Amino acid sequence: MPQSVAPYPAARFRRLRQTAALRGLQRENSLSADDLIWPVFVQDGTDTETPIASMPGVARLTIDRLIRAAETAHKAGVNAICLFPYIDPSLKTEDCADAWHPENLVNRAIRALKADLPGLAIMTDVALDPYNINGHDGFVVGGEVLNDETVAALVKMALAQAEAGADILGPSDMMDGRIGAIRRALEAAGHHKTCIISYAAKYASAFYGPFRDAVGASGLLTGDKNTYQMDPANSDEALRLVARDLAEGADMVMVKPGMPYLDICRRVKDRFGAPTFAYQVSGEYAMLRGAADQGWLDHDRAMMESLLAFKRAGCDGILTYFAPAAARLLGDRRG
Ligand code: PBG
């Protein structure tokens with residue numbers, strides 16, 4: 001590309017930046033509300049919400065309030081939501097049995113949302129951490145996070161979510177073999193329409209801290225997740241994981257966290273051309289929102305620039321806590 005650039009003054013790049021109309025014509029990427037998935041936290045009870053201190057502007061909602069919030073967001077243009085449960089500490093166990101209970105909090109929330117908003121796509125998280133007494137994504141025995149036993153539990157959890165009506169299942173646990181096992185079980189049970197978005201390249205990141213507060217896992221987590229989540233130093237490994245998960249039957253793949261890993265998004269999109277998503281995680285949200293609350297950043301501009309960066313890096317969509325605010329802003333601009 002650089003070879004085709006005429007020397008100055010024939011080439012003056014500022015010509016095409018002169019007016020909003022010219023800038024619009026040469027704009028390469030754009031963000032739309034269609035690109036957004038909104039992660040939400042749900043808790044038991046009625047007509048209550050609990051603010052999350054490390055995520056200003058975000059609260060855990062009871063199902064009735066979640067429905068009202070989802071209605072508002074859907075009206076603003078958000079077409080997909082992702083549910084994360086805050087499980088009552090008394091229900092957290094070593095065997096994580098609540099994770100696949102047909103009437104657990106998430107499955108009740110799926111049914112209630114589907115009944116009220118059939119056009120809203122519902123994504124779930126498939127991992128044991130909210131249900132686990134020790135905060136890990138898999139069963140822990142003798143200090144080790146077991147792989148195959150965890151996969152068997154994730155299959156039960158995934159089937160219960162599909163049965164409840166989830167559109168997109170999101171295994172976020174980083175066990176080996178779970179995409180294939182879940183896909184086979186879904187097909188065998190007649191759930192051939194249920195999509196899987198694999199958290200394929202999920203790094204062992206410090207940026208998940210506020211999320212662990214939100215789901216009540218912070219105080220419980222023993223040790224770290226380094227034996228199953230990826231080393232932030234690696235890049236080629238992400239491509240091998242994405243290749244593996246697509247081969248096992250993932251419909252979409254995800255890179256997580258987002259902004260510190262845009263290079264991975266680009267490599268994944270270039271190599272596979274598959275539907276590629278990034279998760280702008282809780283710590284990224286907290287940084288941007290915290291700085292904006294202090295008056296150090298312009299909230300709306302920083303939010304939109306951060307989201308557009310994912311599109312530029314090749315992502316088809318973004319999971320972001322900013323989804324309703326961004327959709328509203330995009331709607332205002334159109335109107
Ligand atoms: C766990 C899970 C995590 C997130 C989504 N699913 C945290 C973790 O792996 O510890 C993080 C999301 C965020 O930080 O916003 N299964």
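Author: A residue is called buried when its relative accessible area is under 20%, exposed when it is over 50%, and partly exposed in between (1.4 Å probe, protein chains only). The model is a predicted one, in which local features need pLDDT of at least 70 and side-chain atom pairs count only at pLDDT 80 or more, while totals for chains, interfaces and linings use all residues. Residues are numbered from 1 along each chain as its sequence is written, and side-chain values use heavy atoms, with hydrogens and water left out.

The ligand is surrounded by 18 residues (a heavy atom within 4 Å). The closest include Arg212, Lys225, Lys256, Ser282 and Tyr321. Several polar contacts, that is, pairs of N or O atoms within 3.5 Å, can be listed here; within protein, one atom must be able to donate a hydrogen and the other to accept it, and residues adjacent in sequence count only through two side-chain atoms. Tyrosine 321 places a polar side-chain atom 2.6 Å from an oxygen atom of the ligand. Serine 172 has a polar side-chain atom 2.8 Å from a ligand nitrogen, and in aspartate 137 a side-chain N or O atom is 3.1 Å from a nitrogen atom of the ligand. On its own the ligand has 400 Å² of accessible area (Shrake-Rupley, 1.4 Å probe), and the protein covers 100% of this area.

Serine 282 belongs to helix H9, residues 282-293; helices are DSSP runs of H or I with at least four residues, strands are runs of E with at least two, and both are numbered from the N terminus. Because its relative accessibility is 1%, serine 282 counts as buried. Its side chain reaches the backbone nitrogen of phenylalanine 211 at 3.0 Å. Beyond neighbours within four places in sequence, serine 282 is in contact (heavy atoms within 4.5 Å) with Met55, Phe207, Tyr208, Gly209, Pro210, Phe211 and Tyr321.

Proline 257 lies in the loop between strand S10 (252-256) and helix H8 (262-272). Most peptide bonds are trans, and most residues other than glycine have a negative phi.

Methionine 174 has a positive phi near 65 degrees. Methionine 174 is in the loop between S8 and H5, and counts as buried because its relative accessibility is 8%. Helix H5 (residues 178-188) comes next in this account: eight of its 11 residues are buried, so the helix is largely enclosed by the rest of the structure. The buried residues are Arg178, Ile179, Gly180, Ala181, Ile182, Arg183, Ala185 and Leu186. Their cover includes strands S5 (121-126), S8 (168-171) and S9 (195-202), together with helices H4 (148-164) and H7 (236-247). After H5 comes glycine 190, with a positive phi near 85 degrees.
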